[in-house]
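Have the sequence and the model at hand as you read.

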Amino acid sequence: MTYDLVVIGGGPAGVAGALTAALAGLRVALLDSSVRLGGQYFRHAADPKPAPGLERFLRQARALDGRADVLLRHQVWSVAREPDGDLVVHCVTRGVGSGGSAEQQVVLRARRLLIATGAHDRPLPFPGWDLPGVLTAGGAQALLKGNGVVAGRRIVVSGTGPFLLPVATGLAGAGARVLGVLEANGGLGLARHPLLALGKAGEAAGYAASLARHRVPYRTRQTVVAAHGEREVEAVTVARLDQEWNVLATRVVECDTVAVGYGFVPQIELGTQLGCATRDDVDGSPVLDVDAAQRTSVPGVWAAGEPTGVGGWLLSETEGRIAGRAVVADSRGSRAESGLLLRRRQRGRAFGEALQRAYPVKPGWQGWLRDDTLVCRCEEVPLARVREAQDLGATDARSIKLLARPGMGWCQGRICGYAVSCLAGEPQRPPRRPIAQPVTLGALAELPDVSDVPPTH
C-alpha cells in the first residue's frame, strides 16, 4: 500500500505528528528502531522516576493503537523519491529467529514523509575515554530507563548542560553513589533569561532537592579531563577550568564509571540524503531548515523535533503537531491554522536557543588532549595522526578523514565528527550518506525490487 504519511521516529515529535494525521483520517505508518515508543527522552520500561510529561506521551502513544501502523524494530537506512513522486522508505527489521539474530528488508511507499529522528549525545575526547566504564550521559540514562541497569557503583557525571541533572538524579535514585555532577560552564545558566527559565524552575528545584537528598555535590567550572585504569576506569582527573575551559588545577577522584555529555547532535542524515536544505543552529550544528509549517525544502517532506534544532520534548511535541496538521492540510488542499501552536513553538525555540547560549562548548577542551589520545575510537586514530594529516596539507575535516581515517568506522563520524571539525578549525558540515544507518551486506543482498512494492492510488 501507499501511506499518506510515513513518520520516522517514535519520540514526542513523531508520535504527535502521527497521531494528528491519523485522527484526521490519513493512512499513517510510524517507524522506530527501538522495541517501544518514547525516543531517547521517554525511555520508560524500568525508569525509577518517570520523566516529566511521560504520562502525557503514553496517552498519545496509546491513542495511536488501531489508528496507525506502528512498526517497531524498523531501522530506516534510506529514503528515495520515485519518478511517480512517491517516497520509498527502506528499512531493516531486527528480531530473534531460530538461528539467532535475523534481519529482514522492508520497503514502504509514502506520499509524504515526516522526519522526527531526534538527536544523539555529543561527547568530547579526552585521554582514557576509550576505557570500559566511560560512556555518554545519554547512554547511562538509556541503560537505566530502558533496562533497569545502573551503569556503575561509583559514578562521576561530567560535561555541560541541564541534561546532566536528570542523569545524575536517576542514577542516585537507583542506588549508585554519584560522586559529583561537574558542570564545565559557570553556574549562571539561564539567569540571563529569567522569563524563559521560569517555566523550568520547578523542575530544576526538584533536581536540586534530589541531589541534596542523595548528597551529590554540584560543581561548576569543573570537568573530567582524563580517565585512568589498566583494563577499566579506576579513577579520573578532574580539572578546575577558566571561562574558556583551560585547565587551572587538577585533582584525582577514584571511581568506576564516568558519564559525559556536552549537548546533542541532531540526526539529519535522512533529510540530507533527500537533499533537504540545512542551516546552522546556535551552537553551529547543522539542522534541517523548515518553514512555519515544518516543511523542508524538499516537496512532501516535513521535519520536527531535534532534527530542526534541539529544544526539549515539549518543543518536539509541538512541532510534531504543527507538522501533522500541515500534512493533513496538504492532503486536502487546504490551509492549516494553528496560531496557538505557533506561539508555543516560538517560546520553545527561544528557550532552546537560550540553553545553547548558556551552555556552549569552549575551545579549551583541545588542550586536554595528548598526542596518543584517541580522537576516533572506531578506527583508533590518535591526535598525532590528525596533526600529521594537517602537516601533510589537510585543511578541512574531509581531507583529514581521507588521510587519517577518522569517521570511517562503525559510527560513521557520529561520535568523532564534531571533535574532528573543531580540530580542523571549521564548522561541522551536514552529513551526506547514501546509507544513513549501518546495514549488513546480507540484508542489502535481500533488498526487494521497488517494482515489487506497487503504489496504491
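A charge sits over a ring if NZ of Lys or CZ of Arg is within 6 Å of the ring centre and within 35 degrees of the ring normal. In this predicted model, the charged end of R377 meets that rule over W129, 4.2 Å from the ring centre. R122 likewise lies over the face of Y418, at 4.7 Å from the centre of that ring. The model is predicted, so local features need pLDDT of at least 70, side-chain atom pairs count only at pLDDT 80 or more, and totals for chains, interfaces and linings use all residues. Residues are numbered from 1 along each chain as its sequence is written, and side-chain values use heavy atoms, with hydrogens and water left out.

Now to rings that meet rings. Rings of Phe, Tyr and Trp (its six-membered ring) pair if their centres lie within 6.5 Å; planes under 30 degrees apart are stacked, over 60 edge-to-face, and the rest tilted. By this rule there are seven aromatic pairs, including these two:

| Pair | Type | Centre to centre | Between planes |
|---|---|---|---|
| F42 and F57 | stacked | 4.9 Å | 20° |
| F163 and F264 | edge-to-face | 5.1 Å | 65° |

F42 is in the loop between strand 3 (28-31) and helix 2 (54-63), while F57 is in helix 2, 15 residues apart. Helices (H or I, at least four residues) and strands (E, at least two) are DSSP runs, numbered from the N terminus. Both F42 and F57 are buried, where buried means under 20% relative accessible area, exposed over 50%, and partly exposed in between (1.4 Å probe, protein chains only). Ring pairs also join Y41, F42, F57 and W313 into a cluster.

F163 lies in the loop between strand 11 (154-159) and helix 4 (164-173) and F264 in strand 18 (residues 264-266), so their pair ties together parts 101 residues apart in sequence. F163 is buried, at 18% relative accessible area, whereas F264 is partly exposed, at 23%.
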